Amino acid sequence: MAPTTSLIDRIESIPRRELYFFALYRLLIATAIAGLMFSPMADLLGQADHPELAAYVSGGYWLFSVLMLLLGRSERWLRQFVLVGVSLDIVAASLLAHALPGASAGISMSLLFNIAAAATMLPFPMALGLALGASVATVAEYLWKLLEGGAPTRTLAELAMFTTSYLALAFISSQVAKRARHSQQLANQRGDEVANLYQINELIIRRMRTGVMVVDGQNRITLVNEAASALLGDHEGGTGDERPGLTRTAPELARRLHRWRTGGTQEETPLMLSPDQPEVQPRFARLLAGSDLTLVFLDDSSVVSKRAESLTLSTLGRFSASLAHEIRNPLAAINYAVQLLEEEDGNFSDSDRRLLQIIHQQCQRTNGIVESVLGLARRERANPENVDLVALVRRFVLEYKQGLSLETDSVESIISETSVAVMVDPRHLHQVLTALVHNALKYGRIGEQPARVRIRVGRLQGSPVVDVMDRGPGIPDAVSAQLFNPFFTTSEHGTGLGLYIARELCRANQARLEYVPVPAGGACFRLILPAPHTLSSG
């Protein structure tokens, strides 16, 4: 915007220029009259009736014209300068017309321009007053000539023509100036609006998170916003003249642009323009039809991935809701069948009844998992209760052992306190522990060795803590940074939602789920729960 603003600042205002040219015209007329008056060509002005009066008036009028040219360019005193200047023009023209009868017609005609110029710069009443003054001065000069006893230099028709011309020209010039000023105001208003829109567009483009560049036919970067500069590795920006060509700055991007220009399709694979910068997905568009300028959009692939991830999670929520009845119906049927079997008087052994009890428990657990997933998809609030963490973990370990066949693997609890009170939704906590233990049994083993999972209950800086630990190979740093991202998994058969749902359930209960590296080997997922007094009653 700097070039446009400086150009506007250099343009002088219209009234100031009008005053200047008006004063220049007055000086030109005064110089012509004075030059003829004091030169051997004075006869061109005709026989002077009053030579001394003509000499004094022409000389004084020339000095006045010079003074008006030097001082009469102030907009602040516009009306005063014009009123005084035109009034003296009328007086000087009347005196010169009386002193030089042969040049009276030309002098009166030159006064027409002064009246018209004044009407363009003054309000209509003032312009009309000057025109009336000029008409009165013309009539007064005619009567003065008659009183002196000399022959009038004007006819009555010429006198009427000049007086009406002054009035008519003042009216017409005033109306034309009024329309011109209105058009100028409208043009200035539209110009300001265009300048504001330009600044707004420039600010929007500069602050866009999407990188935007304009590249010409020679692969020179003519425009680049801040996001594109950062992606190119140029944090200081720069203009198109200072920046090297696209071929040197981003060779791979230049290659893709060339392929697109030659009729090829846009490649969908992301690319990295500079080290330590995220990958981008370039898109190309022609700026104007028939132009060699190309718009290059650089979309941060991580932002695009997050948007796709959000859409996927939203779709997953709707999909989970649609499957709720399909999952619940068979669970209800299984649970009902188990109840019927338990009520029969058949000869069931203790092991058979224990199996029926396990089926019943697992149906309830699966139904709870479905409810938790639906609550997560719908962002339902948790229903925290005052729970004894020690009793809950012991019960969880017992049920887990009974529900799963652990031939060689082991799940044990390590509890050093008799009771630890927490405020949590027990269904959510049960699901979180299930996900963590399942992952520990699946990934927490070395080779063919059995997995050993330990659930430790304790306190850390006054907060209740549950650690789920294994003795496996541990988790690399590159993988640990993405553990809780949705759909991230290192298993071909995993969904990548277990840890993500577990963390979301923890957040719903004002708890934290963290991965804690174990230097001696293995992995540890720490669940930091809120004590009853840390939650608000609402």
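This is a predicted model: local features need pLDDT of at least 70, side-chain atom pairs count only at pLDDT 80 or more; totals for chains, interfaces and linings use all residues.

Colleague: Which residues of helix α16 are buried, then?

Modeller: In α16, which spans residues 498-508, the buried residues are L499, Y500, I501, A502, E504, L505 and C506.

Colleague: And which residue just after α16 takes a positive phi?

Modeller: That is Q510, with a phi of about 60 degrees.

Colleague: What does α16 lie across?

Modeller: Helix α16 lies across β10 and β11, and runs at about 130 degrees to β10.

Colleague: In what order do the five strands of that open sheet come?

Modeller: The order is β6-β8-β9-β11-β10, with mixed pairing. At the edges are β6 (410-415) and β10 (512-517), each of which pairs on one side only. From one strand to the next, the twist averages 20 degrees.

Colleague: How many bridges join β9 and β11?

Modeller: Six bridges join them, in the antiparallel sense; β9 covers residues 463-470 and β11 covers residues 523-528. As an example to locate on screen, V468 has F525 in β11 as its bridge partner.

Colleague: Which strands does helix α14 touch?

Modeller: Helix α14 (residues 426-443) packs on the sheet and touches β6, β8 (452-460), β9, β10 and β11. The direction of α14 makes about 25 degrees with that of β9.

Colleague: Let us change topic. Is strand β1 mostly covered or mostly uncovered?

Modeller: Strand β1, residues 211-215, is mostly covered, with five of its five residues buried. On one side these are G211, M213 and V215, and on the other V212 and V214, so that both faces are covered.

Colleague: Which strands pair with β1?

Modeller: One is β4 (residues 294-300), which pairs with β1 in the antiparallel sense over five bridges; there, G211 has L298 as its bridge partner. Another is β2 (residues 221-224), also paired with β1 in the antiparallel sense, over three bridges. In that pairing M213 stands opposite V224.

Colleague: How many residues lie between β1 and β2 in their hairpin?

Modeller: Five residues lie between them, and N219 in the turn has a positive phi of about 60 degrees.

Colleague: Now the helices. At what angle do α4 and α5 cross?

Modeller: The axes of α4 (residues 78-99) and α5 (residues 104-121) cross at roughly 170 degrees and come within 10 Å. The two helices are therefore roughly antiparallel.

Colleague: Which residues make that contact?

Modeller: From α4 there are L78, V82, V86, D89, I90, A93, L96 and A97, and from α5 there are S104, I107, L111, N114, I115, A118 and M121. By class, the contact of α4 with α5 has 12 nonpolar, two polar and one charged residues.

Colleague: What about α4 and α6: how do their axes cross?

Modeller: The axes of α4 and α6 (residues 124-148) come within 10 Å and cross at roughly 20 degrees. That angle is under 35 degrees, so α4 and α6 count as roughly parallel to each other. The crossing of α4 and α6 is right-handed.

Colleague: Which residues are involved there?

Modeller: On α4 they include R79, L83, V86, S87 and I90, and on α6 they include M126, L130, G133, A134 and W144. The residues of the contact of α4 with α6 divide into 10 nonpolar, four polar and four charged.

Terms used
Residues are numbered from 1 along each chain as its sequence is written. Side-chain values use heavy atoms; hydrogens and water are left out. Axes are lines fitted to C-alpha atoms, for helices over the stretch in contact, and angles run from 0 to 180 degrees between N-to-C directions. Helices (H or I, at least four residues) and strands (E, at least two) are DSSP runs, numbered from the N terminus. Angles under 35 degrees count as roughly parallel, over 145 as roughly antiparallel, 65 to 115 as roughly perpendicular and the rest as oblique. Contact means heavy atoms within 4.5 Å. Ala, Val, Leu, Ile, Met, Phe, Trp, Tyr, Cys and Pro count as nonpolar, Asp, Glu, Lys and Arg as charged, and the others, Gly among them, as polar. Buried means under 20% relative accessible area, exposed over 50%, partly exposed in between (1.4 Å probe, protein chains only). Two strands pair if DSSP finds at least two bridges between them. A crossing is left-handed if the near helix is turned anticlockwise from the far one by less than a right angle, and right-handed if clockwise.
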